[in-house]
Amino acid sequence: MSIDFLKRLLLFFGLLLAQVLVLNHVHLFGVAIPLLYVYFVLSFPRDYSRNGALVWSFLLGLFIDIFSNTPGVAAFSMTLVAVLQPYVLRLFIQRDNDDNIQPSIFALGINKYTLYALILIFVYCLTFFTMETFTFFNFGKWFLSVVGSTTLTLFMVVVIDNLRKD
C-alpha cells in the first residue's frame, strides 16, 4: 500500500469519528451543524482518479448516513460534491501549474482557497439540507440551516487546513 492511500484512509476515519462522535451533537443556535467531513472531498489533489474520488466520497457519505440516521442524504451530497470538485478546482489553478497540486491554503493562497471551499461547501449544504427537509414550507429554518452550516463548516475547514502540514 502506498503512503498516500494510508494518509487518505487515516483522514477518512478521523473525519468520520470526529463527525459521528462530536460534531453531530453540535447545533449552533439550533440550526447550524458543522459538517467537517466535506473537507475530505476538498483535499483531493488535481490529478486524483475521478473514480477513486467518487468511491471514497460515496463511502464516507454512506458511513455518515449510517451513523447519523440520514438515509442516503450525505452519500448523495458527498458524491455530487466529488463530481464538481475537479471543475471548481480548475477555476482556481493556472493551466501551466504542476498537475500534482493539492488544494490547500499554502498552494492556492488564503483568498482562492476560501472561495474554492466556500463554493463546494455551499453546494454540499444546499443539497444536504434540501434533501433532508424535502419541503420549502419552513423556508426560514432551511435557509438558516444552509447559511449557518456553510459558514460554520467553512470556518472549521479553513482552520483545519491552516493547521495541517502535508
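The structure is a predicted model, in which local features need pLDDT of at least 70, side-chain atom pairs count only at pLDDT 80 or more, and totals for chains, interfaces and linings use all residues. Residues are numbered from 1 along each chain as its sequence is written, and side-chain values use heavy atoms, with hydrogens and water left out.

**Stop 1: H1 and H3**

Select helix H1 (3-21) and helix H3 (residues 50-68). Helices are DSSP runs (H or I, at least four residues), numbered from the N terminus. H1 and H3 pack at about 25 degrees, with their axes 10 Å apart; axes are lines fitted to C-alpha atoms over the stretch in contact, and angles run from 0 to 180 degrees between N-to-C directions. H1 and H3 are therefore roughly parallel, a term for angles under 35 degrees, whereas those over 145 count as roughly antiparallel. Now display the side chains in contact (heavy atoms within 4.5 Å). Among them are Phe-5, Leu-9 and Phe-12 of H1 and Trp-56, Leu-60 and Phe-63 of H3. By class, this contact has 11 nonpolar, one polar and one charged residues. Here Ala, Val, Leu, Ile, Met, Phe, Trp, Tyr, Cys and Pro count as nonpolar, Asp, Glu, Lys and Arg as charged, and the others, Gly among them, as polar.

**Stop 2: H3 and H4**

The contact includes Ser-57, Gly-61 and Ile-64 of H3 and Ala-74, Met-78 and Ala-82 of H4.

Next select Asn-69, in the loop between H3 and H4. Its phi is near 60 degrees, a positive value in a residue other than glycine. Most residues other than glycine have a negative phi. Is Asn-69 buried or exposed? Asn-69 counts as exposed, at 69% relative accessibility; buried means under 20% relative accessible area, exposed over 50%, and partly exposed in between (1.4 Å probe, protein chains only).

Then move to Ala-74 in helix H4. Ala-74 is buried, with a relative accessible area of 0%. Leaving aside neighbours within four places in sequence, Ala-74 is in contact with Tyr-37, Gly-61, Ile-64, Asp-65, Tyr-124 and Phe-128.

**Stop 3: H6 and H7**

Select helix H6 (residues 110-133) and helix H7 (residues 139-163), which pack at about 140 degrees with their axes 8 Å apart. Residues making the contact include Tyr-113, Ala-117 and Ile-121 of H6 and Trp-142, Val-146 and Leu-154 of H7. This contact has 14 nonpolar, seven polar and one charged residues.

**Stop 4: the nonpolar core**

Which residues have the most contacts inside the largest nonpolar core? They are Leu-35, Tyr-37, Tyr-113, Tyr-116 and Tyr-124, in a core of 47 residues. Such a core is a set of buried Ala, Val, Leu, Ile, Met, Phe, Trp, Tyr and Cys residues joined through side-chain atoms within 4.5 Å. H6 gives the most to this core, with nine residues. Select Tyr-124: not counting residues up to four places away in sequence, its contacts include Leu-35, Tyr-37, Ala-74 and Met-78.

**Stop 5: Phe-29**

Finally, select Phe-29 in the loop between H1 and H2. Phe-29 has a positive phi of about 55 degrees although it is not a glycine. Phe-29 is exposed, with a relative accessible area of 77%.

Terms used: Helix = DSSP H or I, 4+ residues; strand = E, 2+ residues; numbered from the N terminus. Parallel < 35°, antiparallel > 145°, perpendicular 65-115°, else oblique.
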